[in-house]
Amino acid sequence: DRMIRDGWFPDQEAIVREALSHFVDAKSFLGDSPRMLHRFAADALNDSKPEVALKFVNRGLSLLPKQDTTDFHLYQNLVELRVQILLVLDRTSDALAALEEARETLPNNPTIAKWIARLKKKG
């Protein structure tokens with residue numbers, strides 16, 4: 001009421017519009033967190049949309065380094081999902097490259113090592 005009385009805004013609706021505008025500008029990607037993107041990617045893969053799933057996973061992996069603390073479990077999950085998507089798309093060499101990159105971040109991870117061995121044996 002005071003903002004209207006002081007002439008900052010003509011009415012309450014204008015205040016709400018301005019507040020929403022600032023909120024949306026600050027949160028332009030409301031679901032843009034690695035954890036949410038992992039869920040979106042898994043859902044897209046389950047819906048037989050591997051290209052869309054790959055975009056979500058790649059975005060999630062690109063956002064992980066910007067987090068305050070590194071969630072290595074989430075990183076591993078995103079890498080594994082990316083590998084599965086790439087295998088569905090018949091891009092085995094890209095999947096192997098993604099695993100080799102992941103091994104640099106998680107050098108002693110047995111799951112990553114098993115994936116690498118499996119793909120080398122296959123390919």
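## Basis of the values

The model is predicted, and local features need pLDDT of at least 70, side-chain atom pairs count only at pLDDT 80 or more, and totals for chains, interfaces and linings use all residues. Residues are numbered from 1 along each chain as its sequence is written, and side-chain values use heavy atoms, with hydrogens and water left out.

## Salt bridges

Side chains of opposite charge can pair when their charged atoms come close. A salt bridge here is a side-chain nitrogen of Lys or Arg within 4 Å of a carboxyl oxygen of Asp or Glu. The count by this rule is six. One of them joins E13 and R17, with N to O at 2.8 Å. The two residues are four apart in helix α2 (residues 12-26), and therefore about one helical turn separates them. Helices are DSSP runs of H or I with at least four residues, numbered from the N terminus, while strands are runs of E with at least two. E13 is exposed, at 51% relative accessible area, and R17 is partly exposed, at 49%. For these labels, buried means under 20% relative accessible area, exposed means over 50%, and partly exposed is in between (1.4 Å probe, protein chains only).

Another salt bridge pairs R91 with D94, whose closest N and O atoms are 2.8 Å apart. R91 is partly exposed at 34%, and D94 is partly exposed at 33%. E100 and K120 also form a salt bridge, at 3.6 Å from N to O. E100 lies in helix α6 (residues 92-105) and K120 in helix α7 (residues 110-122), so this pair ties together parts that are 20 residues apart in sequence. E100 is partly exposed, at 25% relative accessibility. A network of salt bridges links E100, R103 and K120.

## A loop residue between α6 and α7

N109 is in the loop between α6 and α7. With 14% relative accessibility, N109 counts as buried. Its side chain makes a polar contact of 2.8 Å with the side chain of Q76. A polar contact is a pair of N or O atoms within 3.5 Å; within protein, one must be able to donate a hydrogen and the other to accept it, and residues adjacent in sequence count only if both atoms are side-chain atoms. A polar atom of the N109 side chain also lies 3.0 Å from the backbone nitrogen of I112.

## The nonpolar core

In soluble globular proteins, nonpolar side chains tend to be buried together. A nonpolar core is a set of buried Ala, Val, Leu, Ile, Met, Phe, Trp, Tyr and Cys residues joined through side-chain atoms within 4.5 Å. The largest such core in this model has 24 residues, and L61, Y75, V79, V83, I85 and L99 have the most contacts inside it. Helices α3 (34-46), α4 (50-63), α5 (72-88), α6 and α7 each supply at least two of its residues. The largest share, eight residues, comes from α5.

Leaving aside residues up to four places away in sequence, L61 touches Y75, L78, V79 and R82. Contact means heavy atoms within 4.5 Å.

## Helix α3

The buried residues of α3 include P34, L37, A41, A44 and L45. They cover an arc of only 95° around the axis, which puts them on the same side of α3. The arc is that of the directions from the helix axis to the C-beta atoms. Among the parts that cover these buried residues are α4 and α5. After α3 comes S48, which has a positive phi, near 60°.
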